[in-house]
Amino acid sequence: MAVFVNTIIILAIISLAAWQLVKVFKRAKKGKCAACDYDCVLKKQVNSRHNSAKI
């Protein structure tokens, strides 16, 4: 019984990781980074450069 439960847990972890990778690759094909929904430091730098270039 323990082997069955462990197998189910492992399969759940692997499937969740695969789903996350699929999402990242789909976004990358569209030209977006994996963290486009977040306000990261890199995004702030790019936005500040674009804003300063407009001035």
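Helices here are DSSP runs of H or I with at least four residues, and strands are runs of E with at least two, numbered from the N terminus. You're looking at a predicted model, where local features need pLDDT of at least 70, side-chain atom pairs count only at pLDDT 80 or more, and totals for chains, interfaces and linings use all residues. Residues are numbered from 1 along each chain as its sequence is written, and side-chain values use heavy atoms, leaving out hydrogens and water.

Start with the cartoon: 2 helices, 0 strands. Of the 55 residues, 0% count as buried (under 20% relative accessible area; exposed is over 50%, partly exposed in between, with a 1.4 Å probe and protein chains only).

Next, select residues 2-29, which make up helix 1. Its end C-alpha atoms sit 41 Å apart, which agrees with the 40 Å that 28 residues should span at 1.5 Å a residue (1.5 Å times one less than the number of residues).

Stay on helix 1 and pick Ile-13. Ile-13 counts as exposed because its relative accessibility is 53%.
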